[in-house]
There are 2 protein chains.
Amino acid sequence: MADVAREAGVSGQTVSRVANGKTNVDDATRERVLAAMRRIGYRPNSAARALRNGKFRSIGVIISALPTFGNSRTLDAIAAAVVPEGFSIILMPVTRPTQGEVTGAFSKLNEQAVDGVIILIEQHQLDQSAIELPHGLPVVVIDSSARYDYPVVDTDQADGAATATRHLLELGHETVWHIAGPPQSYSAERRRKSWRATLELAGRFVPPVLVGDWSPSSGYQAGLELAADPSVTAVFVANDQMALGLLRALHETGRPVPADVSVVGFDDMEESAHFWPPLTTIRQSFEAVGHHAVSALLAEIETGAEVGEPVTVPTELVVRSSTAPPPA
Amino acid sequence: MADVAREAGVSGQTVSRVANGKTNVDDATRERVLAAMRRIGYRPNSAARALRNGKFRSIGVIISALPTFGNSRTLDAIAAAVVPEGFSIILMPVTRPTQGEVTGAFSKLNEQAVDGVIILIEQHQLDQSAIELPHGLPVVVIDSSARYDYPVVDTDQADGAATATRHLLELGHETVWHIAGPPQSYSAERRRKSWRATLELAGRFVPPVLVGDWSPSSGYQAGLELAADPSVTAVFVANDQMALGLLRALHETGRPVPADVSVVGFDDMEESAHFWPPLTTIRQSFEAVGHHAVSALLAEIETGAEVGEPVTVPTELVVRSSTAPPPA
DNA sequence: CACGTGGATGTTTACGTCAACATGGACGGT
DNA sequence: ACCGTCCATGTTGACGTAAACATCCACGTG
């Protein structure tokens, strides 16, 4: 900066003013400074800036299971929403979502240099208790658990699951089986509860739940069990990957989809339209989730006040070829 | 820091020494300082640290198409490799890999606060020219193009594609068709060239290339064309997602896999084992790629010297149920 | 013409940390 | 007892920036 100031024949302060777009600088002077900046290749030093005014213009994202379909999409949306605001993202992966790891990541971020934190961790049951975080830093949690003290954003899991179940019922199926996500996952829990509630509301028999871990393999395993039971005609699977595994199991055991059994997934991955048969599923908008999380966090950073209401992002039923009325 | 110093009855410098684990501090004093830190909840301020010693302990990752299967896996591997070293990751997404966007992201990182940059951008043909970056910051590129001035890490695309093609030939197929990735992608180009070379080496007819864009839909489109040609008995698809689309096209047109046509993909996504039929494919280790990229970058940061040799990560053929000898 | 006003620019200082140098006391050797 | 050495600890200053305050000049007004 000093070099630029000398080159332009002004004081460092004026350079600072130009760099920050202050208005009270003469146009001619501004031009001279800008030219000098370009000539010297001046880049403001963010460390010094941060030191000076206590803001870092960056937010931290604590994330587990990054390569997961939903998480990577959400992260991308967060990134897209944050960059135009002039913020950057500091990534803090945790290998397992335990209390220890999360608080560790959090305090690393705290030392590091962030103005706020988004927590994108699927499993809420952390050592039996909600995450406890030192206060003083704005935080937004992506997850619709009510157990956090922080603003929360999530997909409307319950409505999506209810829609999926109702779709199958309306097609004429007697009841709907369910392959759930892992027990520690809050979204899995919500989808399962909502599926059950929908069945009960319609006065239908509630079959036992099969539990997977989101992976195609676990869907395949569960699918093998389901395929062996001839009374199964409709299955709501808690995500598309497990649905893929189920489809495979159904193919292998010679039960045609959708003629013999109907399948609905959840997520609507890019691949789902090309499964065999193309999968009917619940589309969720990770983009909207990421976008809302960023809005809430930035608002909190600006104003210091937490936004009270949890934000819920709606889902949409996408009907393709894996559902049909039950066999006669 | 001043508070801690007062609390412990020492000077700030001693606190600094304790915080940095210097040895020349009396044990009793150290204990006293640590206790004071805990009591006050002291966190070193990284901005000041960075300002003081010119290092940031963080690296930037410029990435496009983050939710892409390979990219998210690689990013995760980078994160995993970087965190134990005490570095953190600053994410800098670019929407399109143009020269302008990349250099923009680069200079943002430069101002921001990074010690080095990993560029994870698939398409190398940036406005007809290689990326030009201002020098002075260590850079590693993930991509095996020879056109960069920087250390480079990538999967052994050529060997993988050759292995896939040879596998099909050895099964007895007369020739192998190819659905390629987008023309701007260097990996797509490598796979295509290597497929062609393998065919030529074996003295086989080289069929025209179908070009996709990595998406399942583009694979489906290409698949429809291929399915219409009864002479097609073996297809090497440049990634698993397009292979999924091809499988769907083959199902729809009633051409059984692998009895009538064999398919080999590339990537080995988690889903591929559960496609119908389970997909034979080339597994690449994104983990290894990320890991090597980080090693190279950290070495460059430490020593200041670029590592010369490009690193190539081997692939592995995974045989499942989508390949078989051609129909009699 | 003296004075007040307001805008452009300069000067000083503090942000939190740590390297470099300074200080001071304990201990060993002669 | 004197001196040199070494180790623990303290003091000073600098990193690059921007807020707060100070200065200076042009211009308008009575």
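1. Copies of a chain are superposed here by least squares on the C-alpha atoms of residues with pLDDT of at least 70 in both. The model is predicted. On that basis, a rotation of 180° with 0.0 Å of shift along its axis brings chain B onto chain A, with an RMSD of 0.1 Å. That is the relation of a two-fold axis.

2. The interface between the chains involves 42 residues of chain B, in contact with 42 residues of chain A. On the chain B side, the elements that give two or more residues are α4 (46-53), α5 (69-82), β2 (88-94), α6 (99-112), α9 (216-227) and α10 (240-252). By type, the residues of that side are 24 nonpolar, eleven polar and seven charged. Of the interface residues of chain B, 100% are also interface residues in chain A, so the copies meet through the same surface.

3. The chains are also joined strand to strand. Strand β2 (residues 88-94) of chain A runs antiparallel to β2(B), and three bridges join the two. In this pairing A:Ile90 stands opposite B:Ile90, and A:Ile89 has B:Leu91 as its bridge partner.

4. The β2 strands belong to an open sheet of twelve strands with mixed pairing, in the order β11(A)-β5(A)-β4(A)-β3(A)-β1(A)-β2(A)-β2(B)-β1(B)-β3(B)-β4(B)-β5(B)-β11(B). Its edge strands are β11 (311-313) of chain A and β11 (311-313) of chain B, each of which pairs on one side only. On average, and with direction ignored, neighbouring strands of the sheet are turned by 20° against each other.

5. Helix α6 (residues 99-112) of chain A lies across β1, β2 and β3 of chain A together with β2 of chain B, and runs at about 150° to β2(A).

6. Strand β4 (residues 139-142) of chain B is joined to β5(B) by two bridges in the parallel sense, with B:Ile142 opposite B:Val153. Strands β5(B) and β11(B) pair in parallel over three bridges, and here B:Asp154 stands opposite B:Thr312.

7. How much of helix α5(B) is buried? Twelve of its 14 residues are, so the helix is largely enclosed by the rest of the structure. Among the buried residues are B:Phe69, B:Asn71, B:Arg73, B:Asp76 and B:Val82. From first C-alpha to last, α5(B) reaches 20 Å, close to the 20 Å expected at 1.5 Å a residue.

8. Helix α7 (residues 157-170) of chain B also has 14 residues, which should span 20 Å at 1.5 Å a residue; its end C-alpha atoms are 20 Å apart, which agrees. Its buried residues are B:Gln157, B:Gly160, B:Ala161, B:Ala162, B:Thr163, B:Ala164, B:Thr165, B:His167 and B:Leu168. What covers them includes β5 (152-155), α8 (186-201), β8 (234-237), β9 (262-267), β10 (280-284) and β12 (315-318) of chain B. After α7(B) comes B:Gly172, with a positive phi near 110°.

Terms used. Residues are numbered from 1 along each chain as its sequence is written. Chains are lettered from A and ligands numbered from 1 in the order in which they are written. This is a predicted model: local features need pLDDT of at least 70, side-chain atom pairs count only at pLDDT 80 or more; totals for chains, interfaces and linings use all residues. Two residues are in contact if their C-beta atoms, placed from the backbone, lie within 7 Å. Helices (H or I, at least four residues) and strands (E, at least two) are DSSP runs, numbered from the N terminus. Ala, Val, Leu, Ile, Met, Phe, Trp, Tyr, Cys and Pro count as nonpolar, Asp, Glu, Lys and Arg as charged, and the others, Gly among them, as polar. Two strands pair if DSSP finds at least two bridges between them. Axes are lines fitted to C-alpha atoms, for helices over the stretch in contact, and angles run from 0 to 180 degrees between N-to-C directions. The expected span of a helix is 1.5 Å times one less than its number of residues. A residue is buried if 20 or more other C-beta atoms lie within 10 Å of its own, exposed if 12 or fewer, and partly exposed in between; C-beta atoms are placed from the backbone.
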